[in-house]
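Work through the exercises below with the structure in view. Each task is followed by a solution in steps.

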Amino acid sequence: MVKIHFQNERDINNLYHRLKKTGKCLQLERRGNFLSITFAENDREQALTELHQGIKYLLKQKRIEWWKTILHEEFFYRDSAEQFQIIDIAQSILNGKRKDMHSFVDHMHDEKQIDEAIWELLKREDSFSFDAFIKFRLRFYIDKLASYITVAIDEYKLEQDYQMFLHYLRDFVRNRPPQMERITMVDHKRFLFFDEFGKEMKPADLYKRIDRKLLSSHPVYVDSAIIAPLISIAPNAIHVYTNNREKDILFTLKNIFEEKLHMHPLGNWDGNCLNR
């Protein structure tokens with residue numbers, strides 16, 4: 001038998017209901033803040049495996065709770081919508097979905113340490129406090145979660161700045177009379193630009209068309225080779241020929257020009273300029 005004491009009623013409820021669903025060889029009895037788990041001795045290995053998985057599940061549930069507490073008490077983010085967005089970023093960092101954040105995360109190592117701590121506890125103790133286990137054996141993990149949320153907050157602030165930047169540029173384009181009906185961009189080593197008559201626009205020609213207010217208002221963000229000229233010209237249509245639609249610059253242009261930006265396979269471009 002294994003007997004676990006909980007301080008939080010939500011924790012004991014979550015583990016109890018989880019083990020009810022997944023613990024095939026476990027007999028559960030709840031008395032107050034204690035959860036007793038019994039099993040046949042010949043099922044011991046399987047029973048401990050099921051209990052181990054249940055505790056891992058509970059820790060995953062509590063991770064969100066811990067993050068909310070950190071955001072509320074240490075960083076003073078009280079708005080639930082903001083908390084959700086920051087935690088979503090932290091989750092994506094933890095799951096390795098943000099490749100640029102990979103150096104901040106060693107999730108596999110963390111999981112291995114957690115697994116080892118749970119197994120050591122279950123094989124050594126028949127009775128223990130869940131909260132004491134977290135406090136004394138998983139302190140390293142709580143500290144790691146705090147570091148992840150710190151990085152997530154920085155990312156959140158950057159994304160907020162980026163969205164404000166996009167909003168400014170979209171408004172700039174909407175309120176500016178088009179200087180040209182159409183521009184074509186061809187992704188060939190670098191982007192080549194052609195006006196509505198098919199004439200190539202050299203970098204110097206593009207630079208001359210930049211509205212200087214753009215560079216003075218957002219000198220860090222506005223790319224003077226592509227974004228600033230296009231926004232200044234504010235064409236009614238931009239046609240891009242490329243084999244790499246995932247380029248960051250194209251993602252930004254799509255966010256600015258929205259339905260005015262049209263992308264095509266590079267092979268559909270029939271201009272002679274590629275052979276120059």
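## Aromatic rings

Phe-194, Tyr-241 and Trp-269 are linked into a cluster by ring pairs. Rings of Phe, Tyr and Trp (its six-membered ring) pair if their centres lie within 6.5 Å; planes under 30 degrees apart count as stacked, over 60 as edge-to-face and the rest as tilted. The model is predicted, so local features need pLDDT of at least 70 and side-chain atom pairs count only at pLDDT 80 or more, while totals for chains, interfaces and linings use all residues. Residues are numbered from 1 along each chain as its sequence is written, and side-chain values use heavy atoms, with hydrogens and water left out.

**Exercise 1.** Count the aromatic pairs by this rule, then classify the pair of Tyr-168 and Phe-172.

Step 1. The count comes to seven aromatic pairs.

Step 2. The ring centres of Tyr-168 and Phe-172 are 6.3 Å apart and the planes stand at 40 degrees, so this pair is tilted.

Step 3. Both Tyr-168 and Phe-172 belong to helix 6 (residues 139-174), where they are four residues apart, about one turn of the helix. Helices (H or I, at least four residues) and strands (E, at least two) are DSSP runs, numbered from the N terminus.

Step 4. Buried means under 20% relative accessible area, exposed over 50%, and partly exposed in between (1.4 Å probe, protein chains only). Tyr-168 has 27% relative accessibility and therefore counts as partly exposed. Phe-172 has 14% and therefore counts as buried.

**Exercise 2.** Classify the pair of Phe-194 and Trp-269, and place its two residues in the chain.

Step 1. The centres of the rings of Phe-194 and Trp-269 are 5.3 Å apart and their planes are at 35 degrees, so the pair is tilted.

Step 2. This pair links distant parts of the chain, 75 residues apart: Phe-194 is in strand 6 (residues 190-194) and Trp-269 is in the segment after strand 9 (261-264).

Step 3. Phe-194 is buried, at 4% relative accessible area. Trp-269 is buried too, at 18%.

## Helix packing

**Exercise 3.** How do helix 2 and helix 4 pack?

Step 1. Helix 2 (residues 44-73) packs against helix 4 (residues 107-124) at an angle of about 130 degrees, and their axes are 10 Å apart. Axes are lines fitted to C-alpha atoms, for helices over the stretch in contact, and angles run from 0 to 180 degrees between N-to-C directions.

Step 2. Helix 2 is therefore oblique to helix 4. Angles under 35 degrees count as roughly parallel, over 145 as roughly antiparallel, 65 to 115 as roughly perpendicular and the rest as oblique.

Step 3. The residues of this contact (heavy atoms within 4.5 Å) include Leu-48 and Ile-55 of helix 2 and Ile-114 and Trp-119 of helix 4.

Step 4. By class, the contact of helix 2 with helix 4 has eight nonpolar, three polar and seven charged residues. Ala, Val, Leu, Ile, Met, Phe, Trp, Tyr, Cys and Pro count as nonpolar, Asp, Glu, Lys and Arg as charged, and the others, Gly among them, as polar.

**Exercise 4.** Treat helix 2 and helix 6 in the same way.

Step 1. The angle between helix 2 and helix 6 is about 60 degrees, with axes 10 Å apart. The two helices are therefore oblique to each other.

Step 2. Residues that meet include Trp-66 and Ile-70 in helix 2 and Leu-145 and Ile-149 in helix 6.

Step 3. The contact of helix 2 with helix 6 divides into eleven nonpolar, no polar and one charged residues.
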